[in-house]
Amino acid sequence: MSVPSKPLKIVVIAFDGISLFHLSVPGLIFGRDRTGIGIPPFDYRVCSSDGPIITADNGLRLDIPHGLEAVENADVVIVPSWRQTSDPPSRALLDSLRRAEARGAVVVGLCLGAFPLAAAGLLAGRRATTHWRAVPELSALCPNAEVVPDALYVDTGQIVTSAGVSAGLDCCLHLLRRFHGAEVARLMARQIVLAPHRQGGQAQFIDQSLPARPENDRFDEAISYARANLDQPLRLDDLAERAHLTRRTFSRRFRQRHGTSFGAFLARERIVAAQRLLETSDLGIERIAEAVGFGTSAALRQRFSAVVGASPSAYRRQFAEPAARPGT
């Protein structure tokens, strides 16, 4: 992949009432010098939208060295969270985000950080996500955005959003992979003891208060079977039969558990499996399409491009391990 000739300038926007955990998430990935283990450096800065002295949500006072002027020449701008979904951002912050997007910077909203992006109009016509509890509010604030309720993060190219708390780490690790490739991201993941790819979506963390019954065990076994046999047709009726449920009950329980339809879940699992094979194997596109259940390379290319925003070949060129690149 094309590696930047100089360190990318990454600016994180802090504000009064910020969570120290959320503020530390991008710093863990981009804010420390890890060149000794092969991770390229970043020009990392924290700026404040509320003056040089702000107070975190736990009462600690923070002295922030930069103001919003630091955003003006940033390559990546990160809003790591937000106070309340109903709390309107300042005009200065909104204008700063709009200017960053207009000049081509990557603008990132982690967790509730999607709300300032929405207020600035940056999510209009785009896919996005946020913490699962705030999905209805984000949908109401930005009705012309496609708010994805079950994603850990959504990357539409210039605008990136993530779900809550630990999903911010997943998102930042994804950005590292996007900027510097899969090998660098794996080095970082190993350093901070984080999975390079975390399976599933936000729905796995939503408390559905389901009782532990034998039929739930059969339901879980059916889902595990689906994940392990993506190359098979995996018809809904067959999975319902495996779970000893009617088609209607299986579909209802699946949506309760996973926050989406079985068809959407299966398509996502197949895309994730294709990404991993593109990164780690030298299999041809046709063979990968068969292995993950798309059947033909044309079907894989169409669905992959729609979801990932790049063709399988372009994705492989950017993210594959050297040994997984054909001809290497």
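How many helices and strands does the chain have? In this predicted model, the chain contains 13 helices and ten strands. Of its 328 residues, 47% are buried. The accessible surface amounts to about 15100 Å², and carbon and sulfur atoms account for 51% of that area. When contacts between residues at least 6 apart in sequence are considered, 65% of them link residues at least 24 apart.

Helix α10, which covers residues 262-280, packs against helix α13, which covers residues 312-319. Their axes are 8 Å apart and form an angle of about 50 degrees. The crossing of α10 past α13 is right-handed. On the α10 side, the contact is formed by Q275, L277, L278 and E279, while α13 contributes P312, Y315, R316 and F319. Sorted by class, five of the residues in this contact are nonpolar, one is polar and two are charged.

L93 is part of helix α2, which spans residues 91-102. The relative accessibility of L93 is 1%, and residues under 20% count as buried, so L93 is buried. Leaving aside residues up to four places away in sequence, L93 touches I13, S49, L68 and W82. The C-alpha atom of L93 is separated by 9.5 Å from that of S48, a residue 45 positions away along the chain.

Terms used
Residues are numbered from 1 along each chain as its sequence is written. This is a predicted model: local features need pLDDT of at least 70, side-chain atom pairs count only at pLDDT 80 or more; totals for chains, interfaces and linings use all residues. Side-chain values use heavy atoms; hydrogens and water are left out. Helices (H or I, at least four residues) and strands (E, at least two) are DSSP runs, numbered from the N terminus. Buried means under 20% relative accessible area, exposed over 50%, partly exposed in between (1.4 Å probe, protein chains only). Contact means heavy atoms within 4.5 Å. Accessible areas come from the Shrake-Rupley method with a 1.4 Å probe; for residues, only the protein chains shown count as cover. Axes are lines fitted to C-alpha atoms, for helices over the stretch in contact, and angles run from 0 to 180 degrees between N-to-C directions. A crossing is left-handed if the near helix is turned anticlockwise from the far one by less than a right angle, and right-handed if clockwise. Ala, Val, Leu, Ile, Met, Phe, Trp, Tyr, Cys and Pro count as nonpolar, Asp, Glu, Lys and Arg as charged, and the others, Gly among them, as polar.
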